[in-house]
Amino acid sequence: MSRSISRITSPRNTTGEMAVFSQGRISAWFTMLLLAVLCWSSMARAAGSEELVIRITQGNDRAVPVAIAPFGWKGRGLLPEDMSGIVANDLRLSGMFDPLAKNKLLSFPSREDEVVFGDWRKQGVNYLLIGEVSLEPGNVYRVNFQLFDVLRQRSILQSTIAGSGAQFRGMAHRISDRVFEKITGIPGAFSSRILYVTAQRQSEQRTDYQLNYADADGFRPQTIFRSKEAILSPSWSPDGTKVAYVAYENKRPGIYIQDLRTGKRQLVSKEKGINSSPSWSPDGTKLAYMLSFGDNPNIFVRDLRTNKLSQLTRHFAIDAEPSWFPDGKSILFTSNRGGSAQLYKLNIKASSDGSVVAEGKPERLTYEGRFNARGKVFPDGKSLVMVHKGKGAADFNIAVLDLDTKRFRKLTSTRLEDSPSVSPNGRMLIYATQGREHGELGIVSVDGSVQLKLPSAAGDVREPVWSPVIQ
Amino acid sequence: MQMHKYARSILLASAMVWVAGCASTGGNSAGQVDNEAKPVEVITEEEVVVMPVIDPAVQAVIDTGKISASAEEIEGLLQQNEYHFPFDSSELKDRDYQALDVQAAYLTSSRGAAEKIVIEGHTDERGTRTYNLALGERRANAVKRYLVLKGVAADRIEVISYGFERPVDPAHNETAWAQNRRAIIVRGN
């Protein structure tokens, strides 16, 4: 009984806080000081708590040994960031490389004529990266970098990249991308970014939610939206400039689109009942999402140019969590129409007026176990990733289904995993999981060989989503 | 609960006696002195007999004639505003229907007919956040559909799904999950 009472009073408690300031007869000066202190302390806290630090929980035995020499710098003072350190960290976190520790480097070459292949060979290194930074007029940093195949004793990549001091980290990630692609033949995903939601429970009645984005290595976190009500299912536009997400206001969910550069926010849908799981079409012109109108949840698509709303499913069961196939011709969604939550594929046809119709009946794709949900299609369209319920009560894990061979693989084994998302090169998956105390993020390579954790210092981290390739 | 209510009614009744006494003795007008305070005592005694046992809400349910159960049973069922579900299910159980019959009778009674209610749907933390949002709404709708079937106007009922954003018990075990998989009728909105 007492529980339901506290539930009824909770909304009043949360809105009552503002009144404390207005009622108190604090002098204007003191109020200013107080606000300044509050502002400073919240900023300091935000900066400290939001950064996610990656921890490798399972490494790859077959990681390729590489050496990254500290980049040469003849200018004054220190460089804005340790560029070669960032590159080494990127390659290490990919799980496919094992960079030599800095203190084991025998020499610090920064030009080709300083490289002695024999030394690196003795250390068992397969590849060597060197670089040199110079400052050009207009405060532009130019980085020349060169990659060597140590075994064949030759240069395999030589390039240059330039940018401001503030772009140093981004430049380092670009170098990582180039090196990764040159050696593996797979485009790197180090320049990509992630979106995620943090939730900090302040009291029984109050949780503070934030929508953040950061580099894929967890650095440079930025809050783009904060609220005292839930934020969920963020989704990137294909060009990486906008984000669609669900935010609650006055206990009601709405779907919003926010421009990452301007911060401008636009309401897309606030129908009665649930408005959930926005997902951008590959061409960026449409948004698929779920609407219930307070009754049966179904899949809808809105054309963002004509604003036309089309209903794609009409079923008394739960139809939820739509996501596009990369060709834009089908939609993947979760439905319990067969008695348990499973993934279905629905072919669709779009007209020039913006309307979209379903073609034929949804086809069931998953049969393994009694719960497969929140599916996403890999960039090559050949596999699905999903949340799969295993045997144990809390076994909700990330699994991948190959659509051609029907091979089904469970990749992870922690508790209560959710929200899987594929890196733009299709090699890594990010997901949410329940840590010992808090919700945290995990990354796993698609072959299962590498697993990383991105725990937060305080509060829950959840709803991660990997960006497309950002130019 | 019962004892507490009884004591409160006695207090209320004695307060009424006291107020009535004040009104009659402290009146300034000479015309009121004709009849002394005797009949007032009789009225308050009647109050004491009627009020202690039956909650007005329970009485309202009884008055609808829709429920054949004792006042105690009705009181218990009227307080039962939370309904629990198995994993990934939105099916109500037999004993929930019993409680919902009483809820519906109250909401269509003379006392409850003007009330608006909110039905909250919740899930446990297992499965995905977005699927559970739909499941939570489904649980709340299962309750709503039954109340509507029993004559409560649909526009008096607001449904909100929280998925697993608001657990009763934030622990990660079977007991907590069972508690959290629920739909609740919140009255007095």
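Predicted model: local features only at pLDDT ≥ 70, side-chain atom pairs only at ≥ 80, totals over all residues.
Trainee: What makes strand 15 of chain A and strand 16 (residues 286-291) of chain A a pair?

Mentor: Strand 15 and strand 16 of chain A are joined by four bridges in the antiparallel sense, and they count as paired because DSSP must find at least two bridges between two strands. The strands themselves are DSSP runs (E, at least two residues), as helices are (H or I, at least four), numbered from the N terminus.

Mentor: Residues are numbered from 1 along each chain as its sequence is written, chains are lettered from A and ligands numbered from 1 in the order in which they are written, and side-chain values use heavy atoms, with hydrogens and water left out.

Trainee: Which strands of chain A are called edge strands, and why?

Mentor: The open sheet has four strands in the order 15-16-17-18 of chain A, with antiparallel pairing. Strand 15 (275-280) and strand 18 (309-311) of chain A are its edge strands, each pairing on one side only. Neighbouring strands are turned against each other by 25° on average, with direction ignored.

Trainee: What is the order of the four strands in the open sheet of chain B?

Mentor: In chain B the order is 1-4-2-3, and the pairing is mixed. Its edges are strand 1 (82-84) and strand 3 (157-163) of chain B, and the twist from one strand to the next averages 15°. Strand 2 (residues 117-122) and strand 4 (residues 182-186) of chain B run antiparallel and share four bridges, with B:Glu120 standing opposite B:Ile184.

Trainee: Which strands of chain B does helix 6 (residues 129-149) lie across?

Mentor: Helix 6 of chain B lies across strand 1, strand 2, strand 3 and strand 4 of chain B, and runs at about 155° to strand 3. That angle is taken between N-to-C directions, on a scale from 0 to 180 degrees, using lines fitted to C-alpha atoms, for helices over the stretch in contact.

Trainee: How many residues does the contact take from chain B and from chain A?

Mentor: The contact takes 38 residues from chain B and 47 residues from chain A, where contact means heavy atoms within 4.5 Å. Helix 6 of chain B gives the most to the side of chain B that touches chain A, with 11 residues.

Trainee: What area is buried between chain B and chain A?

Mentor: The size of an interface is often given as the accessible area lost when the parts come together. Here about 3,400 Å² is buried between chain B and chain A, and carbon and sulfur atoms give 53% of it; the value is the accessible area lost (1.4 Å probe), summed over both parts. In chain B, the residues that lose the most area to chain A are B:Arg129, B:Thr130 and B:Tyr131, together 19% of what that side buries.

Trainee: Why is the link between A:Asp295 and B:Arg145 called a salt bridge?

Mentor: The closest N and O atoms of A:Asp295 and B:Arg145 are 2.5 Å apart, and the pair therefore passes the rule, which asks for a side-chain nitrogen of Lys or Arg within 4 Å of a carboxyl oxygen of Asp or Glu.

Trainee: Where do the bounds of domain 1 and domain 2 of chain A fall?

Mentor: Domain 1 of chain A covers 28-52 + 191-466, and domain 2 covers 61-184, with bounds that come from an automatic or database domain assignment. Their C-alpha centres lie 35 Å apart, and the contact takes nine residues from domain 1 and 11 residues from domain 2. Between them the two domains of chain A bury about 910 Å², 52% of it on carbon and sulfur atoms.

Trainee: How many salt bridges does the rule find across the interface of domain 1 of chain A and domain 2 of chain A?

Mentor: The rule finds one salt bridge between these domains of chain A. A:Arg169 and A:Asp217 also form a salt bridge, with their closest N and O atoms 3.4 Å apart.
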